[in-house]
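Have a look at the sequence and the fold first, then read on.

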Amino acid sequence: MKASLYLPTGLAHEFAGVADPVDAFDTVVELARAADESGYETIWAADHFVPLSGTPAPVFEVWTTLAALARETRRVRVGQMVTGVSYRNPALQAKMASTLDVLSQGRFTFGIGAGWFEPEYVAYGYEFPGTKERLGRLREAVQIIRSMWTKPETTFEGEYYQVRNAVNEPKGVQAPHPPMLIAGAGEKVTLKIVAEFGDACNFQTSPEEFRRLDGVLRRHCEAVGRPHEEITRTSTGYCIIADTDEEARAQIPPWAPHVFPGDLASYGLIGTVDTIRERLAAYEDAGVDELLIGFHDSLDPNLVRRFASEFLYPAADGSHEFRR
């Protein structure tokens, strides 16, 4: 199992106390470089415009952030967890993704989802349609994007999106195209879209629920005639390292139940080094290929390095992975 870093970009008010936005972004760069040097697989960042709390504070836009970080790093992959399908026209997203793949020299993973944070839509003047339409837009968008990554021209006539003889050059570096991660745990629609069009998925949940959802995905793959193993399965964890489990649990933030389902204290990377090692093993046993880790002390690059030194080891292919 690979480990990746969930970068702070301001969504959880991380930069509320930083007076200079240049200093705030320099911290993001330092965190990305720490991940690059320490063996993390990917640096992921959220596609949001305002903090979840609704209180004004700095939030960095994800596409421009990753473009900058692609040139500040050398080895680690970069990706969105995840970009909102309604925030940008899908044909434009295809070109942005291809350009970012070039800027990163082939280290880009494209993450996309149906979107969910209604206050953000309202604040920025986007329509927030119902779930059915948002999922319909996602299904159409991923087809347009994949086509523009692989075909000389793309014409698509959908219910929500239309493109005509759209040309996308350069198409990027990776062959046949950058990996496409489709996030979401909707069992009837979203996971079917993953089975049909995704190269990766993300379930932000406990190892036990991850295992169950992965079984649903497997059945969708069987229904469309696709090997389940072709899809990289990722999850998202939250890490608090302390001298005792009790001390770590006392630091769980009040917003956690709004982001992580169930009892985060019972399955998160929360506790002593030994407890965290057991929790990592549970994610691996559930079938997680890549675990995204958000740190409670999210602005501390030394914590990024400490986690790597405790839990990550060089693999045969030159990457790093968790070992028990």
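Helices (H or I, at least four residues) and strands (E, at least two) are DSSP runs, numbered from the N terminus. The model is predicted, so local features need pLDDT of at least 70 and side-chain atom pairs count only at pLDDT 80 or more, while totals for chains, interfaces and linings use all residues. Residues are numbered from 1 along each chain as its sequence is written, and side-chain values use heavy atoms, with hydrogens and water left out.

Most residues other than glycine have a negative phi, and most peptide bonds are trans. Now for some exceptions. Pro-176 is in the loop between β7 and β8, and the peptide bond that joins Ala-175 to Pro-176 is cis, with omega near 0°. Pro-170 also has its place in the loop between β7 (162–166) and β8 (180–183). The bond from Glu-169 to Pro-170 is cis, with omega near -5°.

His-13 has a positive phi, near 70°, and lies in the loop between β1 (2–6) and α1 (21–38). Gln-105, in the loop between α3 (90–103) and β5 (108–113), has a phi near 60°, which is positive too. How open are they? Buried means under 20% relative accessible area, exposed over 50%, and partly exposed in between (1.4 Å probe, protein chains only). His-13 is partly exposed at 25%, and Gln-105 is exposed at 61%.

## Rings that meet

Rings of Phe, Tyr and Trp (its six-membered ring) pair if their centres lie within 6.5 Å; planes under 30 degrees apart are stacked, over 60 edge-to-face, and the rest tilted. The structure holds 20 such aromatic pairs. Why is the pair of Phe-49 and Tyr-124 called tilted? Their planes sit at 45°, with the ring centres 4.7 Å apart, so the pair is tilted. This pair links distant parts of the chain, 75 residues apart.

Phe-49 is buried at 15% relative accessible area, whereas Tyr-124 is partly exposed at 46%. Both belong to a cluster linked by ring pairs, along with Tyr-87, Tyr-121, Tyr-126 and Phe-128.

## A stop at Tyr-313

Tyr-313 is part of strand β13 (residues 312–314) and is partly exposed, with a relative accessible area of 31%. Contact means heavy atoms within 4.5 Å. Leaving aside residues up to four places away in sequence, Tyr-313 touches Arg-277, Ser-319, His-320, Glu-321 and Arg-323. Thr-9 is 304 residues away along the chain, and its C-alpha atom is 27 Å from that of Tyr-313.
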